[in-house]
Amino acid sequence: MADYNTRHSAGIAIGEVTELQPSSSAFIDKASGILSRHVMDKQGILDPERLKPFIAPRDNDSLSLQAEMALQAATQALEEAGLSGADLDCVIVACSNLQRAYPAVAIEVQQALGAGGFAFDMNVACSSATFALQLASNTIQAGSATRVLVVNPEICSAHLNYRDRDSHFIFGDACTAMIVESAELASSANQFSIVGTRLKTSFSNNIRNNFGFLSKCEDRDLDSADTYFVQQGRKVFKDVVPMVAELIIDHLGSLNLPASELRRLWLHQANINMNSLIARKVLGRDPEAHEAPTILHEFGNTSSAASIIAFQRFRDGLNAGDLCLLCSFGAGYSVGSVILRKV
């Protein structure tokens, strides 16, 4: 930041360039609840002349970075479920950013795991995991597959503008994986049944990233601010909190389930204040820490992987029959609600 301000001191003096302001740990903690993050490459991000992670190029015959992440997470999920890759007949890679247009990363993961059936990529930004869960459930109910892997390799550090004081600290990198299968096949010691799902989208420019395969055809600066994550934070907070709370309450009502029966709310980990308010609106009271756990302090926002990390970290202590909620929300706007019951 100091280097930037020094280099642009003349422009700052006459008002043509905005001076960058420091972001203290106290400011970041108060604004978001984030204390640390995991990233693919710290050195490149901290280099003031680079301000982005360094991702080493790989040849086409090598496993791609996102497939490598997905493979590690999928292997852990399969081991917990007592399965192997050959037991899968559908693979869905669902995340905010894919490293290439084609071939699908999901098909690469399918091959690496030795899975059968079919595979495809999908993107609904931070809601990708819950949208994929509904799709996996529908696929099984339709008889198109028996076991589906949903995997979320999120490299969010690569779409951050580290010159933006209001957002440079938000995202971290992570990958999560879930196995969805028909109840009669399930044998894992730690199971949850899907009671119901509900999805909603409503278009908004308040969270946007304009980078894409057409960018190079527009003869534009590929490093301009709008090719990174851009967010109107206050507008997002105002719009999304009531939208999410209303969808969850309506979803529970449609299933004749009172919110008072919820034992755990695994919400998207975007902002601690946002999560607290959503949980309060749904429960009708202030949530206890164990009821709506957060992982922001350690992981930051990991996009679609965020609520799944919260689920993985805070699923112990539940009894058979306990009702829970998995919910994600983000750009689109998009909201995914999945009601679960501990088996």
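Asp219 sits in the loop between β6 (207–208) and β7 (230–231). Its phi is positive, about 50°, although Asp219 is not a glycine. Keep in mind that this is a predicted model, where local features need pLDDT of at least 70, side-chain atom pairs count only at pLDDT 80 or more, and totals for chains, interfaces and linings use all residues. Residues are numbered from 1 along each chain as its sequence is written, and side-chain values use heavy atoms, with hydrogens and water left out. Helices (H or I, at least four residues) and strands (E, at least two) are DSSP runs, numbered from the N terminus.

**Cis peptide bonds**

- Going from Tyr102 to Pro103, the peptide bond is cis, with omega near 0°. Pro103 belongs to the loop between β1 (90–94) and α6.
- Gly332 and Tyr333 are also joined by a cis peptide bond, and here omega is about -10°. You'll find Tyr333 in the loop between β9 (323–330) and β10 (334–342).

**Helices α5 and α6**

- The axes of α5 (residues 65–81) and α6 (residues 105–113) come within 10 Å and cross at roughly 50°. Axes here are lines fitted to C-alpha atoms, for helices over the stretch in contact, and angles run from 0 to 180 degrees between N-to-C directions.
- That makes α5 and α6 oblique to each other (under 35 degrees is roughly parallel, over 145 roughly antiparallel, 65 to 115 roughly perpendicular, and the rest oblique).

**Helices α8 and α9**

- With axes 9 Å apart, α8 (residues 233–254) and α9 (residues 272–283) pack at an angle of about 35°. Their crossing is right-handed.
- In α8, residues including Phe237, Val241 and Ile248 meet residues of α9, including Met274, Leu277 and Ile278. The α8–α9 contact has 13 nonpolar, one polar and one charged residues.

Definitions and conventions. Left-handed = near helix turned anticlockwise from the far one by under 90°. Contact = heavy atoms within 4.5 Å. Nonpolar A, V, L, I, M, F, W, Y, C, P; charged D, E, K, R; others polar.
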